[in-house]
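Please read them with the sequence and the structure open beside you.

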Amino acid sequence: MKQKFTGHIHTIVGNLLPNHRPVATKFTSVILTLDDGDQLFLKVAQGNSHIVVCLFHGLGGNIDSIYMQSTAALAIAQGHSVVRTNHRACGQGLLLAQHP
């Protein structure tokens, strides 16, 4: 039987491999207010290319998860701007949202 690699497997394996690249770039913390009054917590790093990489974590993660930091580091190394977004009520945004 052929095994398929899912996002869940990538998340698990990504946390086990020794390829973690901590983000050395300075990120600015941003609170984004949504139309319904809920807020999201973001971290934004300005690059020098015209590309903006928007990262959204997996179920149970947050913007400081290892795979989020590693992916951000790769994009920053290529000169891109990066926006790491916590979903509603996740990570540092735990108390900022009332809706799922």
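1. I begin with Ile63, which is found in the loop between strand 3 and helix 2; helices (H or I, at least four residues) and strands (E, at least two) are taken as DSSP runs and numbered from the N terminus. Ile63 is buried, with a relative accessible area of 0%, where buried stands for under 20% relative accessible area, exposed for over 50% and partly exposed for what lies in between (1.4 Å probe, protein chains only). Leaving aside neighbours within four places in sequence, Ile63 is in contact with Phe41, Leu42, Lys43, His57, Met68, Gln69, Arg84, Thr85, Asn86 and Gln92, contact being heavy atoms within 4.5 Å. The C-alpha atoms of Ile63 and Gly91 are separated by 7.1 Å, although these residues are 28 residues apart along the chain.

2. On the basis of the values: this is a predicted model, in which local features need pLDDT of at least 70 and side-chain atom pairs count only at pLDDT 80 or more, while totals for chains, interfaces and linings use all residues. Residues are numbered from 1 along each chain as its sequence is written, and side-chain values use heavy atoms, with hydrogens and water left out.

3. As to the overall layout, the chain has 2 helices and 4 strands, and these follow the pattern α-β-β-β-α-β when read along the sequence. Buried residues make up 30% of the 100 residues in the chain. Among the contacts in the chain with a separation of 6 or more, 61% are accounted for by residues 24 or more positions apart.

4. Strand 1 (residues 28-33) pairs with strand 2 in the antiparallel sense over 6 bridges, a pair of strands being called when DSSP finds at least two bridges between them. Within this pairing Val30 stands opposite Leu42 in strand 2. The hairpin of strand 1 and strand 2 has 5 residues between the strands, and there Gly37 takes a positive phi near 95 degrees. Strand 2 (residues 39-45) has 5 of its 7 residues buried, so this strand is largely enclosed by the rest of the structure.

5. Which strands does strand 4 pair with, and in what sense? With strand 2 the pairing is antiparallel, over 4 bridges, and here Leu42 stands opposite Thr85 while Lys43 stands opposite Arg84. With strand 3 (residues 52-56) strand 4 runs parallel, joined by 5 bridges, and in that pairing Leu55 stands opposite Arg84. The chain passes from strand 3 through helix 2 to strand 4 in a β-α-β crossover that is right-handed, meaning that, with the strands pointing away from the viewer, the path from the first strand over the helix to the second runs clockwise.

6. Strand 4 is mostly covered, with 5 of its 5 residues buried. In a regular strand the side chains alternate between the two faces of the sheet. Here Ser81, Val83 and Thr85 point one way from strand 4 and Val82 and Arg84 point the other way, and all are buried. Thr85 has a relative accessible area of 7%, and, leaving aside neighbours within four places in sequence, Thr85 is in contact with Leu40, Phe41, Leu42, Leu55, Phe56, His57 and Ile63. From C-alpha to C-alpha, Thr85 and Asp64 are 9.9 Å apart in space, and they are 21 residues apart in sequence.

7. For helix 2 (residues 66-77), 12 residues at 1.5 Å a residue should span 16 Å, and the end C-alpha atoms are 16 Å apart, which agrees; the expected span is 1.5 Å times one less than the number of residues. The buried residues of helix 2 are Tyr67, Met68, Gln69, Ser70, Ala72, Ala73, Ala75 and Ile76. Just after helix 2, Gly79 takes a positive phi of about 90 degrees.

8. Two local features deserve a look on the display. Arg84 lies over the face of Phe27, at 4.2 Å from the ring centre, where a charge sits over a ring if NZ of Lys or CZ of Arg is within 6 Å of the ring centre and within 35 degrees of the ring normal. Ala89, in the segment after strand 4 (81-85), has a phi near 60 degrees, a positive value in a residue other than glycine, and Ala89 is partly exposed, with a relative accessible area of 29%.
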